[in-house]
Amino acid sequence: MYFVSPNCGETFYLRLLLTVVRGPKSYESLRTVNNVIHNTFKLACVARGLLEDDDEWVQCLEEAAIMKSGYQLRRLFCVILTQCSPLQPLELWKRFSIHICDDLAHKIRTLFTLPNPTEGQIEDYGLYLLNQMLGEIGKSLYDFPPMPQPIENWSTVVGNRLIIEHRLLQIQAQKADTETNIGRLNSGQRSAYDAIICSVLENKGTTFFLNGGAGTGKTFLYNTIAQKCRGLGHIVVTVASSGIASLLLEGGRTAHSTFSIPLDVLENSICGFTKQSIQAELLRETKMIIWDEVPMQHKYCVEAVDRTLRDIRDNPKPFGGMTIVLGGDFRQILPVVPKGVREEIVNASLRRSDLWDDIRVLTLSLNMRLNTIDSRNADFANFLMEALRVPSWYVVQRSSSWHHKTELINDDDWQRGGVNEGPPCI
């Protein structure tokens, strides 16, 4: 007789009965035990005592329920179903469904905006998620009778989870007092706010760079702009180049995780998602992107996002015609180039990108962390601005009959030397 794996279900139990039942005349006689006809070969094997009980899996789930999360328990239950062939999977589900679905009430409230999901809805959603896990290995709940099937089509209800997250941010923004924050903006912040909001409302698709040192209120301005646009029903994606900076933004994420930027980014790189993905669907619905701490990113990262947005939005304009707010301070950390010399670091900066010609620079200069009424604080703020002032650098090439070299010179050297080559960099 051919070998049959226990994972083959009824075929395995049929083979097992054929090895112990003498002279069966039909499939029905194989399923008959003590003059009782059973519905499946598996139940016939149970009636003959050919299979072990589920005590081992009960003990396993009891121990796991103490220390494992709902997601981990669903993974474990999926393994038990597919690899261990339990006798009564339905009884296991009924006994441990409370633990397996213990995290789903919060998920349903968050994803489906159902304030008070019933126990039936929670269990049905748990069956849907379990069926999805089984589908990853080519199985379904139909392969493990008499396991119940999910009643609701949760995939239709869910939709795009990323868009749903931003819809929740819109609801929060509509409840917030945005006008109070707008009234707290200083003159420089208000000028930048008006320019950005005008671009969003009139669909101009302008790319801005908000230039300002530490303490000038860039983060407060980002959150005020995002809150205003979300309150109007628009989707605003807020990202930052570092994880700590992203925590200061409402709904913030890191740029690499949001846009799937390759770790080893190249001159012609694109982001790591397709036009049919949920990320692409989100970015097609997005009205504006706010990206903080951009100067520390390699220019190829920004160019990869620009290239991807033009593709998925089918728009040849910079960043697919979307309003973009980049921000940061070039006097702080520049892109890290492993073993790179000064010229290579300067060349990796956003200022050296072809995108820079289309970027409108907005500047914040008032330090909001200092009490400028006190003359000493005002003098200290001016001292910081002067101490941190970095001269504009230029990449130039000098050639002669015997050598050719590339070097950096600053404004003073540029004026003294009368050099005419090389565009400004930083």
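Is Cys229 buried or exposed? With a relative accessibility of 1%, Cys229 counts as buried, because buried means under 20% relative accessible area. This answer, like everything below, refers to a predicted model.

**Cysteines**

- Cys198 has a relative accessible area of 25% and is therefore partly exposed, whereas Cys229, at 1%, is buried.
- The count of disulfides in the model comes to zero, where a disulfide is a pair of cysteine sulfur atoms within 2.5 Å.

**Nonpolar cores**

- The largest nonpolar core holds 32 residues, and Phe259, Trp291 and Leu350 are those with the most contacts inside this core.
- At least two residues of this core come from each of the helices α10 (161-175), α15 (255-259), α16 (278-285) and α17 (299-312), and likewise from each of the strands β4 (235-240), β6 (286-292) and β7 (323-328).
- Helix α17 supplies the largest share of this core, which amounts to five residues.
- When its neighbours within four places in sequence are left aside, Leu350 is in contact with Phe209, Val294, Lys299, Val302, Leu326, Phe330, Trp356 and Ile359.

**Packing of helices**

- The axes of α5 (residues 70-84) and α8 (119-135) come within 10 Å and cross at roughly 55 degrees, and the two helices are therefore oblique to each other.
- In this pair, α5 passes α8 in a right-handed crossing, and the contact is made on the α5 side by Tyr71, Arg74, Arg75, Phe77, Cys78, Leu81 and Thr82, and on the α8 side by Gly126, Leu129, Leu130, Met133 and Leu134.
- Helix α4 (residues 55-67) also packs with α5, at an angle of about 165 degrees and with the axes 11 Å apart; because angles over 145 degrees count as roughly antiparallel, α4 and α5 are described in that way.
- The crossing of α4 past α5 is right-handed, and the residues that make the contact are Trp57, Cys60, Leu61, Ala64 and Ala65 of α4 together with Leu73, Leu76, Phe77, Ile80 and Cys84 of α5.

**Backbone features**

- Most residues other than glycine have a negative phi, and most peptide bonds are trans.
- The peptide bond from Pro145 to Pro146 is cis, with omega near 5 degrees.
- Pro146 is found in the loop between α8 (119-135) and α9 (154-158), and with a relative accessible area of 54% this residue is exposed.
- Although 57 residues separate Pro146 from Pro89 in sequence, their C-alpha atoms are 7.6 Å apart in space.
- Asn34 is not a glycine but has a positive phi of about 55 degrees; Asn34 lies in the loop between β1 (32-33) and β2 (36-37), and counts as exposed at 72% relative accessibility.
- Asn203, which is also a residue other than glycine, has a positive phi near 55 degrees; the loop between α12 (187-201) and β3 (207-212) contains Asn203, which counts as exposed at 53% relative accessibility.

Definitions and conventions:
Residues are numbered from 1 along each chain as its sequence is written. This is a predicted model: local features need pLDDT of at least 70, side-chain atom pairs count only at pLDDT 80 or more; totals for chains, interfaces and linings use all residues. Side-chain values use heavy atoms; hydrogens and water are left out. Buried means under 20% relative accessible area, exposed over 50%, partly exposed in between (1.4 Å probe, protein chains only). Helices (H or I, at least four residues) and strands (E, at least two) are DSSP runs, numbered from the N terminus. A nonpolar core is a set of buried Ala, Val, Leu, Ile, Met, Phe, Trp, Tyr and Cys residues joined through side-chain atoms within 4.5 Å. Contact means heavy atoms within 4.5 Å. Axes are lines fitted to C-alpha atoms, for helices over the stretch in contact, and angles run from 0 to 180 degrees between N-to-C directions. Angles under 35 degrees count as roughly parallel, over 145 as roughly antiparallel, 65 to 115 as roughly perpendicular and the rest as oblique. A crossing is left-handed if the near helix is turned anticlockwise from the far one by less than a right angle, and right-handed if clockwise.
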